[in-house]
Amino acid sequence: MEALDGILKLDEREGVYIDIGTKVYLEIEGIDFSVSSIFIGMLRDEFMVITLPKRYNSIRHKLLPSNKIIIKYLFKGLTYAFQSSVIELTTTPVRTLTIEYPKVVQQRELRVANRSAVVIPGRVVAKKTDFNVVINDFSEKGCNFKYFHDQSNIIPLKKGDRFRIYCHFPGVAEEIGAMACVRNVRREQGEISIGAELQDVTKDFLTPLMNFLHSILTVTM
C-alpha cells in the first residue's frame, strides 16, 4: 500500500472537498490491487459512507477495522488522498462501507507529464496556420505540447498569443478543441515546447478531459 507524503491538515472551516457520486479508489492493506467505490455521504468530523467496493468478494476478508485504507479521488483537477479505516460494513438493505472521517489529507494537482504511454496527439490553429503537436502534459487548467520549429507552415508562437488546440483523447472518435493562451516558450533540441493555459473551456472539451484524467488516476494507484 502506497505511503502518503506531503500530507496537509484539513481546513476545519470547509472540511473535505468531495461531491456525492464521486468515484473513489481504495488501496487496502494486504491487497495488491486497487478497487473503486462511489462516495455516498458523510457526517462531518465523524464518518464517511461509500458503496461496497467492486470485487468485494475478493477483498471482504481485509475490510476490517484494524486494516488501514488509503482513499484517492479526483476533485476539480486535483487529486486528494487520505488514510482511513473501516467502521462498519453493511450488506442489507443497502451495500455500504462506513469509514473514518480523515483528519489529514494529501492534495496535489493531477497532471499527465512525461508519460510516453499516454501522450496525446493534437493540432494547433494559430495565426491562420494549422500544425500538428504532441501533448505530453495535461491538467484541467492547462497543457504543455511540443512541435518541430523548422516546419515551413508554422509561425512561431510567443507568450500571450491565443490559439485553438484540438486533441484526440483516448476512446473519443473525434478531435475536440478549446481556446488557450501561451504562458511560456522553450526551445529544446530542435523542438519548441509551449506551456499554455486553457481558456473558455466548454463542457464538450472538459468532460472527455476529466474522464482521461480519471483514467490516469486509476493507472497511477
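The dialogue below takes up the fold, the cores and a surface patch of this predicted model.

Student: What makes up the chain in terms of helices and strands?

Tutor: The chain contains two helices and 15 strands. Of its 221 residues, 45% count as buried.

Student: Why is Leu43 called partly exposed?

Tutor: Leu43 has 45% relative accessibility. Buried would require under 20% and exposed over 50%, so Leu43, at 45%, counts as partly exposed. This residue is found in strand S3, residues 35-43.

Student: Which residues form a nonpolar patch on the surface?

Tutor: Leu43, Phe47 and Ile87 form it, and together they have about 250 Å² of accessible area.

Student: Which elements supply the largest nonpolar core, and which residues have the most contacts inside it?

Tutor: That core has 29 residues, and among those with the most contacts inside it are Ile135, Phe145 and Ile165. Strands S10, S11, S12, S13, S14 and S15 and helix H2 each supply at least two of its residues. The largest share, five residues, comes from H2.

Student: What does Ile135 touch, leaving aside residues up to four places away in sequence?

Tutor: Its contacts include Val119, Ile120, Phe145, Ile165 and Cys167.

Student: Which residues belong to the second, separate core?

Tutor: That core has 26 residues, including Tyr56, Ile59, Leu63 and Leu97.

Technical notes
Residues numbered from 1 in each chain as written. Predicted model: local features only at pLDDT ≥ 70, side-chain atom pairs only at ≥ 80, totals over all residues. Heavy atoms only, no water. Helix = DSSP H or I, 4+ residues; strand = E, 2+ residues; numbered from the N terminus. Buried < 20%, exposed > 50% of the residue type's maximum accessible area, 1.4 Å probe, protein only. Core = buried A, V, L, I, M, F, W, Y, C linked by side-chain atoms within 4.5 Å. Contact = heavy atoms within 4.5 Å. Patch = residues over 30% accessible without salt bridge, like charges linked within 9 Å, V, L, I, M, F, W, Y side chains within 5 Å. Areas by Shrake-Rupley, 256 points an atom, 1.4 Å probe, with all protein chains shown as cover. Salt bridge = Lys/Arg side-chain N within 4 Å of Asp/Glu carboxyl O.
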